[in-house]
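Subject: Structure handover

Hello,

Here is the structure I said I would pass on.

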Amino acid sequence: MDNEILNVKNLYFDYTDTSVLRDVSFTLKKGDFLGIIGANGAGKSTLIKIILKILPFNRGEINLFGEDLSKFKDNFKIGYVSQKANSFNSDFPATVREVVMANLYSRKGLFKRYTKEDNEKLKKVLDKVGMAGFENKLIGKLSGGQQQRIFIARALISEPELLLMDEPTVGVDAKSVKQIMDIICELNKQGMTIIMTNHDTPELVRVSNKLLIFCEHGNGEFVSRNDLTVAEVNDIFAGKRVHHHA
Amino acid sequence: MLEIFQYGFMQKAFLVAVIIAVIAPCIGTPIVLKRLSAIGDATSHSALAGIAFGLLLGINPILGAVIFSVIAVFGIELLRRVFGKYSEIATVVVMSAGIGLTAVLSGYITKGSSNLNSFLFGSIVAISDFEMYLTIVLGVIVMVVSMLLYKELFFVTFDEEASKLAGVPVGAINMITMVLTAVTVSVASRIVGALMISSLIVIPVASAMMIAKSYKQTILLAVLFAELFTIAGLFMSYYIPDLRPGGTIVLLGVIFLVILSVITGKRRR
């Protein structure tokens with residue numbers, strides 16, 4: 001179990017009168033890429049928010065890095081990228097440097113100042129997302145795709161081991177989508193564990209090695225991508241086919 | 001030495017004004033960027049009630065203002081939770097309570113009612129030694145806390161959700177910001193006047209946002225502008241008869257903001 005990053009067991013979540021997650025179970029090991037597929041409101045974002053401790057869950061068990069989720073405190077081990085570029089206030093006067101370095105908080109804690117080493121980290125992550133040299137630009141002046149790459153850099157600067165991404169390519173132009181997907185695949189190749197929701201099913205089937213499919217009228221189905229084609233994934237999603245857990 | 005500085009009351013006024021012009025934008029920047037500018041207004045009206053309360057009981061009015069405005073910010077925070085998505089109602093309720101209380105209390109002030117008036121629009125001749133020392137102490141506290149929590153304040157202001165995920169104690173930081181706002185408003189009410197202090201919190205920051213190239217620069221420029229408005233306002237009110245300092249400082253700020261927005265041609269959505 002040394003390589004186990006995340007273990008979700010029999011997870012249930014209800015909003016006041018709607019059952020959203022029912023009996024969801026899966027395990028991720030280091031280097032896994034989990035794609036989450038499902039219709040709007042199926043529970044994709046809810047699951048991510050539960051893992052991030054933004055939402056509490058009703059029943060079940062979650063272990064993160066071998067620790068019960070409620071006791072987990074190493075925030076720096078987790079990176080999160082949301083659909084930020086879409087809802088971002090472009091008039092906020094902040095530079096790329098200020099935005100990215102802010103996330104070093106999870107490593108540094110209260111009152112600590114930034115060091116030269118932190119500047120090196122900044123350069124490294126900006127380079128990783130193809131945004132080197134943009135340190136002093138105002139984030140509001142960048143394109144949606146560039147902003148989203150900056151938010152990926154912000155997640156990466158704390159050197160996380162698990163990266164959660166909730167539809168990171170929403171509202172981003174086609175060329176930037178490809179750049180962002182290439183960056184994510186490269187991170188995964190280097191050993192980072194990734195959880196990603198995306199409305200583009202074929203793309204998610206292509207890049208991930210594990211899939212969690214929220215069927216239209218059913219529970220989350222956890223499958224290994226290797227055994228399935230996109231058509232078969234769509235069948236599971238539509239409830240036409242039931243996949244048996246391996 | 002300039003004639004203006006030969007008077008003890010002007011030396012005090014300048015010292016207090018310089019301190020206020022540093023702390024108002026320091027605390028104003030996160031407040032404005034979080035779109036909470038109206039909190040300055042609600043707090044200042046509650047501070048006024050505290051001033052009236054102080055005058056009535058014979059305790060220092062600024063001390064009364066600090067107590068009442070701190071209660072006000074906690075009240076806003078509490079009511080915001082009650083009203084959920086309509087949280088701006090909380091600000092208006094607290095502001096109304098502040099004005100109402102001031103109106104009622106002012107009816108009972110027999111001596112020093114002109115003093116209450118001086119707190120409405122600001123006064124430079126009325127600063128006592130105690131108030132000057134209080135301003136220095138509270139001002140230094142606001143400055144030190146703002147500097148110590150600089151990176152946390154930025155993160156929470158820019159992206160509250162992400163800062164929470166990184167482990168920033170967001171609730172505590174928000175509360176500290178509110179208390180610092182209350183303290184700033186209270187100490188500034190003496191010179192600028194309780195009715196106008198929120199403009200000293202907002203206008204320098206709004207001006208800085210038009211030309212700043214970073215968050216840090218926004219704060220530094222806002223401090224520079226606030227110093228410019230207050231010092232110029234004090235000079236003008238000293239040399240031009242019957243010119244009140246508070247109003248002059250605020251109007252200088254508004255004129256500057258209008259000119260700057262014409263020059264930069266920046267349109268805000």
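This is a predicted model: local features need pLDDT of at least 70, side-chain atom pairs count only at pLDDT 80 or more; totals for chains, interfaces and linings use all residues.

Residues are numbered from 1 along each chain as its sequence is written, and chains are lettered from A and ligands numbered from 1 in the order in which they are written.

Overall make-up

Chain A has 9 helices and 10 strands; these are DSSP runs numbered from the N terminus, with H or I over at least four residues for helices and E over at least two for strands. For contacts in chain A between residues at least 6 apart in sequence, 68% join residues at least 24 apart; a contact means C-beta atoms, placed from the backbone, within 7 Å.

Four strands of chain A form an open antiparallel sheet in the order β2-β1-β4-β5. Strands pair if DSSP finds at least two bridges between them. The edge strands, each pairing on one side only, are β2 (18–29) and β5 (67–68) of chain A. Within the sheet, β1 (residues 4–15) and β4 (residues 59–64) of chain A pair in the antiparallel sense over 5 bridges, and Tyr12(A) has Arg59(A) in β4(A) as its bridge partner. Helix α1(A) packs on this sheet and touches β1, β2 and β4 of chain A, with its direction at about 60 degrees to that of β2(A) (axes are lines fitted to C-alpha atoms, for helices over the stretch in contact, and angles run from 0 to 180 degrees between N-to-C directions). Because 7 of the 8 residues of α1 (residues 44–51) of chain A are buried, this helix is largely enclosed by the rest of the structure. Among the buried ones are Lys44(A) and Lys49(A). Just after α1(A), Lys53(A) takes a positive phi of about 70 degrees.

Around β7(A)

Strand β7 (residues 162–166) of chain A has 5 of its 5 residues buried, so it is largely enclosed by the rest of the structure. Leu162(A), Leu164(A) and Asp166(A) point one way from β7(A), and Leu163(A) and Met165(A) the other. β7(A) pairs in the parallel sense with β6 (residues 78–81) of chain A over 4 bridges, where Gly79(A) stands opposite Leu163(A). It also pairs in the parallel sense with β8 (residues 193–197) of chain A over 5 bridges, where Met165(A) stands opposite Met196(A).

In chain A, 17 residues are in contact with 20 residues of chain B. The largest share of the chain A side, 3 residues, comes from α3(A).

The largest nonpolar core has 152 residues, and those with the most contacts inside it are Ala153(A), Ile194(A), Ile20(B) and Leu200(B). Such a core is a set of buried Ala, Val, Leu, Ile, Met, Phe, Trp, Tyr and Cys residues joined through C-beta atoms within 7 Å. Helix α1 (residues 8–33) of chain B supplies the largest share of this core, 14 residues. Residues that Ile194(A) touches include Leu163(A) and Met165(A), not counting residues up to four places away in sequence.

Regards

Terms used
Two residues are in contact if their C-beta atoms, placed from the backbone, lie within 7 Å. A residue is buried if 20 or more other C-beta atoms lie within 10 Å of its own, exposed if 12 or fewer, and partly exposed in between; C-beta atoms are placed from the backbone.
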